[in-house]
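Colleague: Before I use this file, I would like to go through the labels attached to it and the grounds for each.

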Amino acid sequence: MTAAYSVTIRRLGPEDAAAHRALMLGAYQREPEAFTSSVTEREHLPLDWWARRLGPAGSDEQVWGAFIGEQLVGAAGLSREARERTAHRGFVFGVAVEPDHRRQGIARRLVRTLMADARTWPGLRLLELTVSDGNASARRVYEDCGFIAWGCEPRALALDDGREIGKWHMQWMLPAPGRRFAFADSEVAAVEPTTGGWRLRFSAAQVAEQRDGVWQAGHLAPVVLVLQTAAPPPALLGRLAEGRLIDAQGRAWRELPLPQALEGALRLELQLARGEAVVIDARSLRLGAPPRARWRESLAC
């Protein structure tokens with residue numbers, strides 16, 4: 001039995017590849033009916049293949065691990081489609097917990113962690129997964145987390161022993177963002193240094209709000225954008241004519257949900273109404289409403 005407080009959840013990196021490989025090969029061996037992948041298919045793959053699956057924040061394939069001390073006892077992955085018309089879909093894969101550490105809520109914590117992170121992926125609208133027919137405990141975990149089964153695919157898996165297993169398809173719809181920020185026509189009031197970067201304070205940012213499922217544009221609100229970057233603070237005061245954020249996968253975003261947090265190789269391209277253009281490379285971005293007391297202080301005469 002494992003005390004819940006002793007389990008740490010974190011995103012895995014390439015340095016965790018060997019531990020993740022051992023965890024997953026063990027799961028494939030013990031429960032072949034639960035996974036589409038098999039030991040035969042995966043055991044001869046080089047370690048760098050496993051390392052490539054453990055992408056950093058901002059990448060299109062990431063895995064979270066559950067640790068007790070230094071031991072990896074569980075994992076769950078999230079990937080997204082690369083094609084333009086299906087990039088709004090994310091896929092949960094490789095959910096596994098060591099048998100000695102089950103029934104402690106670890107799988108739920110892993111799934112809920114990646115669900116929370118999915119809210120920060122620009123453009124992601126739903127998560128999908130499959131669970132083998134008859135795997136009631138796994139399906140219960142996903143249902144507890146909010147996933148809904150919409151259909152069973154018969155004979156989806158053909159196992160070595162001749163059995164054929166159906167797969168239930170499940171979905172979770174991400175909550176629609178209530179507000180979104182547009183770079184164009186937003187007014188930059190201040191550029192301030194911070195530890196490891198700087199922040200832009202927008203005194204009149206263009207913010208759209210969702211009401212009864214309909215986006216209402218034209219709202220002005222104070223917004224703060226914080227960048228972790230080695231670039232010097234730019235001379236960037238005044239109204240923006242346009243702007244866009246380019247993420248690590250090359251996708252460009254002219255509007256972002258509020259709040260928003262992104263990590264990875266990011267590029268911010270901004271152009272002032274008076275003509276100057278600025279390009280900023282950053283390691284992370286946070287976008288949100290400013291603390292009210294500090295904002296009032298910054299506007300004091």
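What follows is a set of questions about those labels, each with its answer.

Modeller: This is a predicted model, in which local features need pLDDT of at least 70 and side-chain atom pairs count only at pLDDT 80 or more, while totals for chains, interfaces and linings use all residues. Residues are numbered from 1 along each chain as its sequence is written, and side-chain values use heavy atoms, with hydrogens and water left out.

Colleague: What makes a set of residues a nonpolar core, and how many residues has the largest one?

Modeller: A nonpolar core is a set of buried Ala, Val, Leu, Ile, Met, Phe, Trp, Tyr and Cys residues joined through side-chain atoms within 4.5 Å. Buried means under 20% relative accessible area, exposed over 50%, and partly exposed in between, with a 1.4 Å probe and protein chains only. The largest such core has 30 residues, and Leu127, Tyr142 and Phe147 have the most contacts inside it. Elements that supply at least two residues each include β1 (7–11), β2 (61–68), α4 (106–118) and α5 (136–145). Helix α4 gives the most, with seven residues. A second, separate core has 28 residues, among them Ala205, Ala221, Leu256 and Leu270.

Colleague: Which residues does tyrosine 142 touch, apart from its neighbours within four places in sequence?

Modeller: Tyrosine 142 is in contact with Val95, Val111, Leu129, Val131, Phe147 and Met170. Contact means heavy atoms within 4.5 Å.

Colleague: How do you know what span to expect of α4?

Modeller: Helices (H or I, at least four residues) and strands (E, at least two) are DSSP runs, numbered from the N terminus. The expected span of a helix is 1.5 Å times one less than its number of residues. Helix α4 has 13 residues and reaches 18 Å from its first C-alpha to its last, close to the 18 Å expected. Its buried residues include Ile106, Leu110, Leu114 and Asp117. An α-helix has 3.6 residues a turn, so residues three or four places apart point the same way.

Colleague: Why are β1 and β6 (148–158) said to stand at the edges?

Modeller: Two strands pair if DSSP finds at least two bridges between them. Seven strands form an open sheet in the order β1-β2-β3-β4-β5-β7-β6, with mixed pairing. β1 and β6 each have a single partner strand, so one side of each is left without a neighbour in the sheet. The twist averages 25° from one strand to the next.

Colleague: In what sense do β3 and β4 pair, and over how many bridges?

Modeller: They pair in the antiparallel sense over six bridges. The bridge partner of alanine 75 is alanine 96 in β4. Helix α5 packs on the sheet, touching β4, β5, β6 and β7, and its direction makes about 10° with that of β7. Axes are lines fitted to C-alpha atoms, for helices over the stretch in contact, and angles run from 0 to 180 degrees between N-to-C directions.

Colleague: What makes arginine 10 and aspartate 16 a salt bridge?

Modeller: A salt bridge is a side-chain nitrogen of Lys or Arg within 4 Å of a carboxyl oxygen of Asp or Glu. The closest N and O atoms of arginine 10 and aspartate 16 are 3.0 Å apart, so the pair qualifies. Aspartate 16 is buried because its relative accessible area is 8%, whereas arginine 10, at 33%, counts as partly exposed. A search of the whole structure finds 21 salt bridges.

Colleague: Why is the pair of glutamate 255 and arginine 180 said to tie together separate parts of the sequence?

Modeller: Glutamate 255 lies in strand β13 and arginine 180 in strand β8, so the pair joins parts that are 75 residues apart in sequence. Their closest N and O atoms are 3.3 Å apart.

Colleague: What is the phi of arginine 103, and why is arginine 103 called exposed?

Modeller: Phi of arginine 103 is near 60°, a positive value in a residue other than glycine. Most residues other than glycine have a negative phi, and most peptide bonds are trans. Arginine 103 is in the loop between β4 and α4. It counts as exposed because its relative accessibility is 83%.

Colleague: Is the peptide bond from leucine 258 to proline 259 cis or trans?

Modeller: That bond is cis, with omega near -5°. Proline 259 lies in the loop between β13 (255–258) and β14 (260–272).
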